[in-house]
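Subject: Structure handover

Hello,

Here is the structure I said I would pass on. My notes follow below it.

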There are 2 protein chains.
Amino acid sequence: MSHKFTVVLGSAGVLALFSALSAVSLAAVATGDGVPFPNGLRDWFLVNSLTAGADSALFGHVSGMHHIYVNATGLQALKADGPLPFPDGTVFADDVHEFSVKDGSYVEGAKKAVTVMVKDAKKYATTGGWGFQVWAGGDPSKPLVPDAAHAITACFACHTPQKAQDYTFSTYIP
Amino acid sequence: MSHKFTVVLGSAGVLALFSALSAVSLAAVATGDGVPFPNGLRDWFLVNSLTAGADSALFGHVSGMHHIYVNATGLQALKADGPLPFPDGTVFADDVHEFSVKDGSYVEGAKKAVTVMVKDAKKYATTGGWGFQVWAGGDPSKPLVPDAAHAITACFACHTPQKAQDYTFSTYIP
């Protein structure tokens, strides 16, 4: 599977995740599923980006500029394309920003949401060893996934077909 | 001046830079102007991004997904919005990638070019204290700006109006 192909799948996956989430709830939930907010993600390694226009039927209210980051724990396996699974402690985060269109260009705006998938093979055994969460506005006090059960329908369902890539979509683009 | 406004200026600036360059030469030059290639830029801090569509009259052959990075030397001044000028050794780099459109989304592709502006107040005194260069395909052996004289017309001319921001366009988006 080429890098380009998997990145394309990645965009579809992100789209589907948000689409599913919108069906669950747009309001922040009082308590999350225990997945920690990815403090310092802006200092992590940028894996790749995609910008989703509002004209995509898959996106709805979660169009945006998506920057996918990985923390130091998962960086080596990402760059080397393995070995998989990713080590416990690996975190992928999607730093979602608004964007505007100026002179035929898509320009980054304010933060819109932050999502993560964090690896803990034992703790999250029922969802491929990954815990999922989304925070509205990138605000650590506003998780959108109320519990692990919702993470299955809102997040893991779309990641399941990616089992061969340890349920991830993102690939390293030098 | 708001961050959003300066970012918009940033996109125009990048566009203009490439537009000017295309008028100079599309072929790599045998020797550059002494500006070093930004080795390791993918590990630097991502400042912001913009994606320029091919339908922009300003872009021409240099449409692409532009990721602006800054090295550690300039990071503090960038985040704090000063004090300016940026310290000597500051480097801003634009990691330009191809992109494709899939399901209404703009998906990152292969590397297309790398540009830098590096601060050395004495060495580059005639261009605001910044040295400029662009490498085709992100290949260190393929600089596109033959000498400092061409850097003025291809690069610095469009940065000159940004004097109040030490000739930079990019701003930090948390």
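A residue is called exposed when its relative accessible area is over 50%, buried when that area is under 20%, and partly exposed in between. On that scale Asp43(A), at 52% relative accessibility, counts as exposed. Please keep in mind that this is a predicted model.

Salt bridges between the chains

Over all chains, a search of the whole structure turns up six salt bridges. One of them pairs the side chain of Lys79(B) with that of Asp43(A), at 3.8 Å from N to O. Lys79(B) sits in helix α2 of chain B, while Asp43(A) sits in the loop between α1 (3–24) and β1 (45–52) of chain A, so this pair joins two chains. Lys79(B) has a relative accessibility of 37% and therefore counts as partly exposed.

There is also a salt bridge between the side chains of Lys79(A) and Asp43(B), again with an N to O distance of 3.8 Å. Here Lys79(A) belongs to helix α2 (residues 72–80) of chain A and Asp43(B) to the loop between α1 (3–24) and β1 of chain B, so this pair too joins two chains. The relative accessible area of Lys79(A) is 36%, which makes Lys79(A) partly exposed. Asp43(B) counts as exposed, at 52% relative accessibility.

A salt bridge within chain B

Lys111(B) forms a salt bridge with Asp95(B), and the closest N and O atoms are 2.5 Å apart. This pair links distant parts of the chain: Lys111(B) is in strand β4 (residues 105–119) of chain B and Asp95(B) is in strand β3 of chain B, 16 residues apart. Asp95(B) is at 0% relative accessibility and so counts as buried.

Helix α2 of chain B

The helix that carries Lys79(B) spans residues 72–80, and its buried residues are Gly74(B), Leu75(B), Ala77(B) and Leu78(B). An α-helix has 3.6 residues a turn, so residues three or four places apart point the same way. Among the elements that cover the buried residues of α2(B) are β1 (45–52), β2 (64–70) and β3 (91–102) of chain B. Just after α2(B) comes Asp81(B), which takes a positive phi of about 60°.

Trp130(B)

Trp130(B) lies in strand β5 (residues 130–136) of chain B. Its relative accessibility is 0%, so Trp130(B) counts as buried. What does Trp130(B) contact, leaving aside its neighbours within four places in sequence? The contacts include Phe86(B), Thr90(B) and Phe92(B), then Met117(B), Val118(B) and Lys119(B), and also Tyr124(B), Asp166(B), Tyr167(B) and Thr168(B). With one of these, Asp166(B), the side chain of Trp130(B) reaches the backbone oxygen at 2.8 Å. Val96(B), by comparison, is 34 residues from Trp130(B) in sequence and 20 Å away in space, C-alpha to C-alpha.

Chain A as a whole

Chain A has three helices and five strands, arranged along the sequence as α-β-β-α-β-β-β-α. Of its 174 residues, 57% are buried. Among the chain A contacts between residues at least 6 apart in sequence, 62% join residues at least 24 apart. The accessible surface of chain A is about 7,000 Å², and 60% of that surface belongs to carbon and sulfur atoms.

Regards

Terms used: Residues numbered from 1 in each chain as written. Chains lettered and ligands numbered in written order. Predicted model: local features only at pLDDT ≥ 70, side-chain atom pairs only at ≥ 80, totals over all residues. Heavy atoms only, no water. Helix = DSSP H or I, 4+ residues; strand = E, 2+ residues; numbered from the N terminus. Buried < 20%, exposed > 50% of the residue type's maximum accessible area, 1.4 Å probe, protein only. Contact = heavy atoms within 4.5 Å. Polar contact = N/O pair within 3.5 Å; in protein donor to acceptor, adjacent residues only side chain to side chain. Salt bridge = Lys/Arg side-chain N within 4 Å of Asp/Glu carboxyl O. Areas by Shrake-Rupley, 256 points an atom, 1.4 Å probe, with all protein chains shown as cover.
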